[in-house]
Amino acid sequence: MATSSIRYAFSALSLVLLTSCGGTTSSGGSNTQGLFDCQNYTYCFGVVAYNNTGVKSEISNLVGKNLSAGSSVTLRWSPPTEYTDDSPLSDLAGYIIYYYSSSDGLVTQIDVGNAGIDSYRIDAL
């Protein structure tokens with residue numbers, strides 16, 4: 001299983017009042033470079049899934065939104081079900097949420113170590 005990454009169809013990643021930002025994704029890893037493609041938004045969000053041994057999915061479709069400081073957002077997604085070799089994903093461990101803030105130019109990472117959830121609220125951005 002070490003050579004297969006998690007197949008993650010993040011077409012369902014969404015925010016309240018979602019606007020797609022047209023960012024890029026990497027192949028076979030969790031590259032967050034695409035978060036910087038959201039130049040027209042104050043915030044850009046992406047999610048990565050990982051298993052018990054640290055194998056990660058590609059970053060989700062990226063979504064951007066113009067939000068003021070102190071805003072809250074809820075991200076929602078569909079959990080992955082298989083690896084890229086079509087074997088079932090039975091050891092999902094959690095998610096990492098990445099978001100980029102244009103005000104400080106930094107990418108923040110939140111490790112959500114709960115595989116049983118399909119949404120996460122971020123308060124006081």
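How many aromatic pairs does a search of the whole structure find? I will come to that in a moment, after a word on what we are looking at. This is a predicted model, in which local features need pLDDT of at least 70 and side-chain atom pairs count only at pLDDT 80 or more, while totals for chains, interfaces and linings use all residues. Residues are numbered from 1 along each chain as its sequence is written, and side-chain values use heavy atoms, with hydrogens and water left out.

To return to the question, the search of the whole structure gives four aromatic pairs, where rings of Phe, Tyr and Trp (its six-membered ring) pair if their centres lie within 6.5 Å, and planes under 30 degrees apart count as stacked, over 60 as edge-to-face and the rest as tilted. One of them joins Tyr 43 and Phe 45, a stacked pair with 6.3 Å from centre to centre and 20 degrees between the planes. Tyr 43 also pairs with Tyr 99, and this pair is tilted because the planes stand at 50 degrees, with the ring centres 6.2 Å apart. Tyr 43, Phe 45 and Tyr 99 form one aromatic cluster. Tyr 43 and Phe 45 are both buried, and Tyr 99 is buried as well, where buried means under 20% relative accessible area, exposed over 50%, and partly exposed in between (1.4 Å probe, protein chains only).

Now the overall fold. The protein has zero helices and 10 strands; helices (H or I, at least four residues) and strands (E, at least two) are DSSP runs, numbered from the N terminus. Buried residues make up 45% of the 125 residues. Of the contacts with a separation of 6 or more, 69% are between residues 24 or more positions apart, a contact being heavy atoms within 4.5 Å.

Leaving aside neighbours within four places in sequence, Ile 97 is in contact with several residues, including Leu 75, Trp 77, Ile 110 and Ile 122.

Asn 51 lies in strand β4 (residues 43-51) and counts as buried because its relative accessibility is 2%. A polar atom of the Asn 51 side chain lies 3.0 Å from the backbone nitrogen of Gly 54, and a polar contact of 3.5 Å joins the side chains of Asn 51 and Asp 91; a polar contact is a pair of N or O atoms within 3.5 Å, where, within protein, one must be able to donate a hydrogen and the other to accept it, and residues adjacent in sequence count only if both atoms are side-chain atoms.

Finally, two backbone details. Most residues other than glycine have a negative phi. Asp 86, however, has a positive phi near 75 degrees, and this residue lies in the loop between β7 (82-83) and β8 (92-101). Ala 124 has a positive phi of about 50 degrees and is placed in the segment after β10 (119-122). Asp 86 counts as exposed because its relative accessibility is 53%, and Ala 124 counts as exposed at 57%.
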